[in-house]
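Dear colleague,

I am passing on a structure that I have been reading through, and I would be glad if you kept it open beside this message. My notes on it follow directly below.

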Amino acid sequence: MLDPTDPLSKAGRMVLALDPSAYRQLVPTSPGITQARDILESLQPSDLLTGTIKNSDEAQAVLAALWLWHDYLDESHRLSQNIETPTGAFWHAIMHRREGDFSNSKYWYGRCADHPALKTLAAQVGDLVHQLPADKSLLKIVMTGWSPNGLVDLVESVYQTPDDPRHETAVRLQQLEWRILFENGTRAAGS
């Protein structure tokens, strides 16, 4: 049963659940499952949310996020680059990091430096990182709360070496970031 206070629709939840292994690659080399593409192509932002859309840019960002969740970077990029808000810049930054364009990712992170999701990330990232052995690249991410550029640097250093012990941590950090930004966006988009 869906939570009546949750703005994400049944269709949105279904898209999220399509592929249990979605969003596990740091820099995907191919798109995700075809079923996700086929469904996402048929959806509008209003299909993803319950109630009334109160912010069309945030609603469009929810759709961009779901494309990104399933590793359809080009489709996500087409949407996020046209959202001229801090949320659009945030999704744009994540997309560039995931395509391996690390310097461009940092540029877009700079355009969302005051996004409210960053405070939530700062509050939650410590639980994930502090249970691990000390490592400079991980400490750089949490030293000032949440450093998106620290995550970019970590991903750049480990994405080609899945046997690096930090690789799984980078995946978990990327998933945490996606979840928090997505939840922030669904709340901001719908009533």
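The largest nonpolar core of this predicted model holds 62 residues, and those that touch the most other members are Phe-90, Trp-91, Leu-173, Trp-178 and Phe-182. The largest share of this core, 10 residues, is contributed by helix α3, which covers residues 56-69.

Helix α4, made up of residues 73-80, has as its buried residues Leu-73, Ser-76, His-77, Leu-79 and Ser-80. Seen down the axis of α4, these fall within an arc of 165°, and they therefore line one face of the helix. Among the elements that cover them are α3 and α5, the latter spanning 86-99.

Which residues does Ser-76 touch, not counting residues up to four places away in sequence? They are Ala-64, Trp-67, Leu-68 and Met-95. Ser-76, which lies in helix α4, has a relative accessible area of 0%, and it counts as buried because that value is under 20%. The side chain of Ser-76 also reaches the backbone oxygen of Ala-64, at 2.9 Å.

A second residue that I looked at is Thr-186, which belongs to helix α10, residues 165-189. With a relative accessible area of 5%, Thr-186 is likewise under the 20% cut-off and is therefore buried. A polar atom of its side chain lies 3.1 Å from the backbone oxygen of Glu-183, and, leaving aside neighbours within four places in sequence, Thr-186 is in contact with Pro-7, Leu-8, Leu-49 and Val-62. Leu-154, by contrast, is 32 residues from Thr-186 in sequence and 28 Å from it in space, taken from C-alpha to C-alpha.

Helix α10 also meets helix α7, which runs over residues 117-129, and the axes of the two come within 10 Å and cross at roughly 150°. The crossing of α7 and α10 is right-handed. On the α7 side the residues taking part are Ala-117, Thr-120, Leu-121, Gln-124, Val-125, Leu-128 and Val-129, while α10 brings Arg-172, Leu-173, Leu-176, Glu-177, Arg-179, Ile-180, Leu-181 and Asn-184.

With best wishes

Definitions and conventions:
Residues are numbered from 1 along each chain as its sequence is written. This is a predicted model: local features need pLDDT of at least 70, side-chain atom pairs count only at pLDDT 80 or more; totals for chains, interfaces and linings use all residues. Side-chain values use heavy atoms; hydrogens and water are left out. A nonpolar core is a set of buried Ala, Val, Leu, Ile, Met, Phe, Trp, Tyr and Cys residues joined through side-chain atoms within 4.5 Å. Buried means under 20% relative accessible area, exposed over 50%, partly exposed in between (1.4 Å probe, protein chains only). Helices (H or I, at least four residues) and strands (E, at least two) are DSSP runs, numbered from the N terminus. Contact means heavy atoms within 4.5 Å. A polar contact is a pair of N or O atoms within 3.5 Å; within protein, one must be able to donate a hydrogen and the other to accept it, and residues adjacent in sequence count only if both atoms are side-chain atoms. The arc is that of the directions from the helix axis to the C-beta atoms. Axes are lines fitted to C-alpha atoms, for helices over the stretch in contact, and angles run from 0 to 180 degrees between N-to-C directions. A crossing is left-handed if the near helix is turned anticlockwise from the far one by less than a right angle, and right-handed if clockwise.
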